[in-house]
Structure formats: C-alpha cells, structure tokens
Amino acid sequence: MDASDTVRGQEAWGCAGALPLALNVGFSGNRALDSNADLGPHLDEAFALAAEAARRVLQTPLPEGFVGAAYDGGPHLRLLIGAAPGADRHATARWTAAAHGEIHYVFPYRDPEQGGPITDRPEHVSDEIRADLPDGGGWTGFDAYDLGLEQSQGHAEVARWIVRHADVLVAAWDGKSASGAGGTGDTLRRALERGAPVLWVRPGEPVRMVDPALAHRHADLTDAESLLALPWAAASAEALAALLAGVLAPPGGGRLGLHDPEVAARLDYARIDPLRRRAGPLGVADAALRATLWRAYHGFERLAGGASAGKATHAATPPPPDALTDQPGFDVLSRALHEAAARASHLSAIHRSQQLLLILIATAAVAVGASPTMWRLEPGAHRAHWIAALVEFALGAAAFLIALAARRAHRHRRWSDARRLAERLRGARATWPLGVDVADSRVAHPQTWTEWRALAVLRLAGPRRGWIDRESFAASARWTAAELIDGQIAYHTRQYQVAETIERTIRITERFAFGFLMTVLAAYIALGIGNMYGRWSVPDWVSGLLTIVSAVSPAIGAACLALEATSGFGELALRSERLAREFEKLKDQLDAAPPPYRQTQDLARAGAQLLVEDADAWRDRVARRRIVQGG
C-alpha cells in the first residue's frame, strides 16, 4: 500500500491527530549512466541510507520522548523521479525491487501525436523516449509547449518540481557537466541551494554526501568544478539522519524542555480537541456553553458591528476543478485546512466571549456594589448591602473561574496557533494546484510548531497529479485566484467594516458615559446650590443615584478602553484595509492580462505569503494581549 492509499484510509490524518512521517526522496541521473554494473549496488545503498535515516529520525530525542512520538507511524517514503532512458529507469527498477514505497513520476513533455508522456522534446520523439503512464501510481505530466515553456524548459520544470518536493536528493552524476537546464548537475545545484541534503552516486565509488550548509559557503555552484570542490564526505545513515532531523523534528525543547512554549503548544494541540463532543454530563454542559456563553462575542459583533457583521466572511468561491478534488493530496490538504479553520473559529469564539464576559462582569459588579447607596438611610439598608455584597462576590467568583479556566487552557495561545495554522494551510491548499508554496525557496528548520505541522501535511500530500497543460493550469489558476485573492478581499473588506463600526460604537459609548456623568454632576451641583439657598431640598435618593452614576460611568469608560485594548479594533480595521488593498493589487495583475505560467505562480505565492505574514503578525499580537480578569 502506498502513502496515498494509506492517507485515504486514515480519517485522523490531516486532522487533529498525529500525522505519519512522509519522506520524499528526489532522484536525478545522467542518461549515460544506464545499466552500468557498478551503479546498481550504489543506488541500492543510497536508497537504503535514506530509508534508514528516516527511521533514525524517529528515534531522535525530544522533550516528551522521541520524534516518533510527534508522528503517527512511518516513515512513508516516496520516490520523485523522471522516466527518461538511462539512470531514471534503472533507479526505478532498484527502488521497486527493494520495496521502499511509492513512486511518483514527473514527465516533462506530452507526445503531440499519441497524447502520452515523453521524456524529451517532441521534435525528438521516438519509441525510446516514450513512457507509459503508471498503473495506480502517482505521476505529474507537463505539456511544456502548451504551457509556453519552450525547448529545454520542460526538463527545468521537472528539476524544479522534484527539488521543491524532495527532502533529500539522490544524484547519479558523472561529475562532468553541470550546465543545461534540468540536467543532473543543475538539479544537484538547485537542491543544495534550497538546502536539501544530496547523496552522490558515481559508478565505482562509494556514496558521498554533502551538508548543504557547508555548500552555501561556496559562492559559485554553476559549474562542475565548483560542485566537485564541495566538501563531500562518505555518506552514512547517522549523518543523514542528523541533517533530516533539523527539518523533520518539531521545534522547541533545548534547555527549557517541556516548558518550551512551542513544545507546550504542540502537545496542547495534539492532546486537546475542542471540536470533539464529550459524552455524559460534561458533554451536556459543553453543548450548553457553545449555545449560550460562547456566542456572547458573536452577539456583540452583530449588535455593535452593524449590517456588515451579518455578511458572509468569505466570498462565494467556485468549487475546485474535478481534476483536483479527485486527488488524494488535495484531500489531505482540504481536511487539514477544514479542521484547523473550524478549531480556530471555535477557540476564537471562546476566547473573545470570555474577555467580553469579564468586562461585562466587572462593570456589573461596580453597579451592584454601588446600588445600596440608593437606600443607605432607608429601613432594610443593611439587608440591601448584604444582598449586593453576595451578588458582587458571585460575580467576582465567576470572573475568577473564567479567567482561571482561560489561563489554565492557554486559550489565547491555542487560538492564535490554530489561526496561524489554518491560514498557512489555506495558502498552501490554494497554491498547491499551481505547484508552488511559500516555503519553496529554502529548506530550513521550522521555527514554529504550526509551520512544522503545515510542512508535514504538505509532505504527506505530495505533488499534484495528472497533466498540467494550458487549460488545466488556467482552471486551477482561476480557482486559486477566487479562493485565495477574491476570498481574502471579501474577508478583509468585511473585517475592516465591522472593526471600524465597532470602534466607532465603543468611542460613542465612552463619550456618552462621560457626558452623562458630567451632566449628572452638574445637575447635582445645581441642586446643591439651590438647597443652600433654601429654594428646594435634595432627596436622599439623589445622593445615592449620584454615587451609582459616579461609579458606573467611569466603569463603562474603563470597559470600553479594556475592550479596545484586548481586541484592538482600530488596529484591526487599519490592517484589514491595508491587506484588502494588497490583495486587490494582485487581482489587478491577474485580471490585466492572462499572465504566463511562471508569473501566475509568483502571484499566487505572493498572495499566500501575505496570508502567512498576516497570521504571524496576528499571533504576535494575541500573545501580547492575554485575557485580563479585571477587578
């Protein structure tokens, strides 16, 4: 069973549970290295080293045990390879014989006569370069000429496709030439520049490996001489595992261990699933909270946000093309996105509702505490004070329990992490059909657990399948633009309108509270002057009313300030307005004229990058705005 079939059979994968460790092994080889007697054993050794290194990565220590504890089984290996005569077909046979795992073929051209894949330019078509589509396996085919990629650009696209998906590259290279787009030397150079380890297989010599970090010290890797001069060393599973662990192991730990925020957040995410309904009395209570208290902010947003608050968050986007929905990789990304987005929405409702409830409780406690002054000289005043104290104590206890539960659940952090992961996966899912991702340029140790998980989902999803020609690429680009760019324009336009309306409502409420207080004080002063000159007498209840107003009005003003400080509606409005403009610029570039293949990819990547940068900034802001208890 290959990784894709396994994915379809595991409902938890791509969702809240642990993901399996998927390792993509890229391959590139000289055509001249055909069935060389010395090549086969070295290919076996290189593939075995990659498989063993992946197993050793799972045994790398983590604060909670080993890397294997962060994954659900594995490793699942996938070979990314062309099907050209020579080393490609030889390597395919050796990989299949060793039963390492799935094979994903990448074809550079399409036969204009027969419509099948060919491994060289159509003008060179022959039976030798014709290839058969694999039965039941994964493959990607470029109709390079139809896409406008002329001459050798089909080979270059295969090299880019393999390198952007590969965690490690096996290169069967004779060491003689590094020129030529898409050649083995060119692919090797691309892999090192991206930061992927390379296993070099050469007939008659042991398998060697180079650390891409050391390769970066060499300024020029454009020719064979500079590649040969790199610090190649004898390859070992231990050394390769150490390089791969830097990318495959989740971040955090070190001296802080389990107390590292990234480790704690990752374990929280895996351990606590707010979308899973509980059984028994706890489940009934949880359902009641979902239907009542946790909808408090939603009600406030609709009340204070005006008509815009009731509009849809995203524009109605067309469904993905059938060519995408039938693919297991797209299914993995879709389920991961939907789970993360639902979790982020649920945690957002709880966190924001809790903060709103604390502010309302604090204001109500002030009003209740001051209310006995209305009857301070009346019979039963002591009883009124006792009842007020009891209610105020109950309100304070409720505020304490809400704040305690929020702090113990790390809800502000869990919400910001879930949102960051959802937006990262939203961008990845939108750009995946076009063959790009925001992390294409560099293989690096992920700094956050959300990026680590997103990359794990992408590795599991693997490359897009099927033919990529002008028509299919244009259909995917239209859907990507609608999903990523139009959707974000609609989302941020609504966010701007709602946040601006709420901020204006808060300002008006704050000014009204201050104006009402000043009016009451002025009236009381006038009554006092009249009382001094015997014009009229001031009832005792008026003094009590003044005390209540003097306490409650500033409390309302403080509540408005707290609401703005914890939610940042003004900042949110400015940010959403700016992002809406940025996405509109991208839309204008896409709509001005149908951009060519690479420009379309660049524009889609730019949109996804905006999405991720906004989510990162949001995460930082939420971390600074922890829930406050008040008092």
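In what sense do β1 and strand β4 pair, and over how many bridges? Hi everyone, that's my way into this fold. β1 and β4 (residues 76-81) pair in the parallel sense, over five bridges; pairing here takes at least two DSSP bridges between two strands. Before I go on, this is a predicted model, where local features need pLDDT of at least 70, side-chain atom pairs count only at pLDDT 80 or more, and totals for chains, interfaces and linings use all residues. Residues are numbered from 1 along each chain as its sequence is written, and side-chain values use heavy atoms, with hydrogens and water left out.

Back to the strands, which are DSSP E runs of at least two residues, while helices are H or I runs of at least four, numbered from the N terminus. In β4, L79 is the residue opposite V25. β1 also pairs with β9 (residues 168-172), again parallel and over five bridges, and there G29 faces A172.

Now, burial. Eight of the eight residues in β1 (residues 22-29) are buried, meaning under 20% relative accessible area with a 1.4 Å probe, protein chains only. One side carries A22, N24, G26 and S28, the other L23, V25, F27 and G29.

F27 takes us to the core. A nonpolar core is a set of buried Ala, Val, Leu, Ile, Met, Phe, Trp, Tyr and Cys residues joined through side-chain atoms within 4.5 Å. The largest has 74 residues, and F27, Y71 and L199 have the most contacts inside it. Helix α2 (residues 39-57) gives the most to this core, 10 residues. Apart from it lies another core of 36 residues, including Y109 and F142. Thanks, everyone!

Terms used:
Buried < 20%, exposed > 50% of the residue type's maximum accessible area, 1.4 Å probe, protein only.
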